[in-house]
Amino acid sequence: RCEMRLLTTLLSCLLSLFGCDTRPSTTSITRVVDQGTETLFSKTTTVDGVATFECFASRSGGCHYRIYEERCEGAAGAANEAGACTRKTLDAFALTVGKRRQVEGLPTAFRLCVGEDDASGCG
């Protein structure tokens, strides 16, 4: 038993050295390229209810985020009808290139929009 515990501990340490993480996570990458030039590159990772937003590149110098919750009325097919869904903005912020921000307490099914500026379709 002691040998098995020691082997398990050593294996866990070895896996941690290689960056193995057993916690469930979700990662979203947003990348926009215009005529071969990268105009936006952002990454969002959610682990244990904490969302981390990272801005890697933006033509404007910053990534503009809008976090929202979307609720749709009616049957599953009705969600595509005009006016059947409503959005509630939970947070909106901007990050300069190279910065990151963590947000806690978001609902499990939150959605996000990220753009080069406030007018990038995140309205």
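Helices (H or I, at least four residues) and strands (E, at least two) are DSSP runs, numbered from the N terminus. The model is predicted: local features need pLDDT of at least 70, side-chain atom pairs count only at pLDDT 80 or more, and totals for chains, interfaces and linings use all residues. Residues are numbered from 1 along each chain as its sequence is written, and side-chain values use heavy atoms, with hydrogens and water left out.

**Exercise 1.** State how many helices and strands the protein chain has, and give their order.

Solution. Step 1: the protein chain has one helix and seven strands. Step 2: from the N terminus, the order is α-β-β-β-β-β-β-β.

**Exercise 2.** Characterise the salt bridge of E54 with R100.

Solution. Step 1: a salt bridge is a side-chain nitrogen of Lys or Arg within 4 Å of a carboxyl oxygen of Asp or Glu. Step 2: the closest N and O atoms of E54 and R100 are 2.8 Å apart. Step 3: E54 lies in strand β3 and R100 in strand β6 (residues 100–104), so the pair ties together parts 46 residues apart in sequence. Step 4: buried means under 20% relative accessible area, exposed over 50%, partly exposed in between (1.4 Å probe, protein chains only). Step 5: E54 is buried at 11% relative accessibility, whereas R100 is exposed at 54%.

**Exercise 3.** Treat the salt bridge of R31 and E38 likewise.

Solution. Step 1: the side chains of R31 and E38 meet at 2.4 Å, N to O. Step 2: R31 has a relative accessible area of 55% and is exposed. Step 3: E38, at 30% relative accessibility, is partly exposed.
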